[in-house]
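My notes follow in the order in which I took them.

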Amino acid sequence: MSKSARQQIVERLRNAGYKLTKPRQHVAEVLLESHRHLSAPEIVELVLATDDSIGRMSVYRTLELFASLGIVRPAFQDGPHAHYVVILDGHHHHLVCQQCGKVVHFDDMPCPVQELEKQLGDTYGFHISGHFLEFFGECHECHQKLHAESH
Ligand SMILES: [Zn+2]
Ligand SMILES: [Zn+2]
Ligand SMILES: [Zn+2]
């Protein structure tokens, strides 16, 4: 786990007057160590596998707290459960393939909506703390396949 991401979560909690309790620590670790976005039931399973003294409800409450503090945002991807996306440095960018469900993170590109965020804040008097940007369509492979099948 990257120390800075962990540090950022601790700081967000502390600034809002919350301590890093055991459930919060475990949920943060599970979120940061995962290579994909996890649903609440998946997070519960992983936390309980690490420490079965933690109650399911405290995992759910932690996710709600993290969402209210802007540490995570729920995103809906394949299936009925929201997947939790960690938004620490204020933004998170997705390209989602509607065919195969592949998610590309284009965080290595300069953020395309920083200026828009500022404009929205000015226009609506909104204090924006972050954004979760999602573009959807078909990935290259799926597009080729769909195109080939239609001939
Ligand atoms: Zn993501
Ligand atoms: Zn695809
Ligand atoms: Zn961005």
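Which residues in helix 2 meet which residues in helix 4? I found Pro23, Arg24 and Val27 on the helix 2 side, and Ser58, Val59, Thr62, Leu63 and Phe66 on the helix 4 side. Two residues are in contact here if their C-beta atoms, placed from the backbone, lie within 7 Å. By class, this contact of helix 2 with helix 4 has five nonpolar, two polar and one charged residues. For the classes, Ala, Val, Leu, Ile, Met, Phe, Trp, Tyr, Cys and Pro count as nonpolar, Asp, Glu, Lys and Arg as charged, and the others, Gly among them, as polar.

**Ground rules.** I noted that this is a predicted model, in which local features need pLDDT of at least 70 and side-chain atom pairs count only at pLDDT 80 or more, while totals for chains, interfaces and linings use all residues. Residues are numbered from 1 along each chain as its sequence is written, and chains are lettered from A and ligands numbered from 1 in the order in which they are written.

**Inventory.** I looked up six helices and six strands in the protein chain. Helices (H or I, at least four residues) and strands (E, at least two) are DSSP runs, numbered from the N terminus. From the N terminus on, the order of elements is α-α-β-α-α-β-β-β-β-α-β-α. The C-alpha atoms fill a box of roughly 60 × 45 × 25 Å along the principal axes.

**Helix 2 on helix 4.** I went back to the geometry of this pair. Helix 2 covers residues 22-33 and helix 4 covers residues 56-68; they pack at an angle of about 70°, with their axes 9 Å apart. That makes helix 2 roughly perpendicular to helix 4. Axes are lines fitted to C-alpha atoms, for helices over the stretch in contact, and angles run from 0 to 180 degrees between N-to-C directions. Angles under 35 degrees count as roughly parallel, over 145 as roughly antiparallel, 65 to 115 as roughly perpendicular and the rest as oblique.

**Helix 2 on helix 3.** Helix 3 (residues 40-50) packs on helix 2 at an angle of about 115°, with the axes 10 Å apart. I noted the crossing of helix 2 and helix 3 as right-handed. A crossing is left-handed if the near helix is turned anticlockwise from the far one by less than a right angle, and right-handed if clockwise. His26, Val27 and Val30 in helix 2 meet Ile43, Leu46, Val47 and Thr50 in helix 3. By class, that contact has five nonpolar, two polar and no charged residues.

**Helix 3 on helix 4.** The angle is about 125° and the axes are 10 Å apart. That makes helix 3 oblique to helix 4. The crossing of helix 3 and helix 4 is right-handed. Ala40, Ile43, Val44 and Val47 in helix 3 meet Arg56, Val59, Tyr60 and Leu63 in helix 4. The residues of this contact divide into seven nonpolar, no polar and one charged.

I read an open sheet of three strands in the order 1-3-2, with antiparallel pairing. Two strands pair if DSSP finds at least two bridges between them. Strand 1 is joined to strand 3 (residues 82-86) by two bridges: Ser39 has His83 as its partner, and Leu38 has Tyr84. Five bridges join strand 2 to strand 3, where Pro74 stands opposite Tyr84. Strand 2 and strand 3 form a hairpin with five residues between them, and Gly79 in the turn has a positive phi of about 110°. Helix 4 lies across these two strands, running at about 105° to strand 2.

Seven bridges join strand 4 (residues 91-97) to strand 6, and the two run parallel. I picked out one of them, in which Cys97 has Gly137 as its partner.

**Domains.** The protein chain is divided into domain 1 (1-88) and domain 2 (90-151); such bounds come from an automatic or database domain assignment. Their C-alpha centres lie 23 Å apart. The contact takes seven residues from domain 1 and eight residues from domain 2. By class, the domain 1 side has three nonpolar, two polar and two charged residues.
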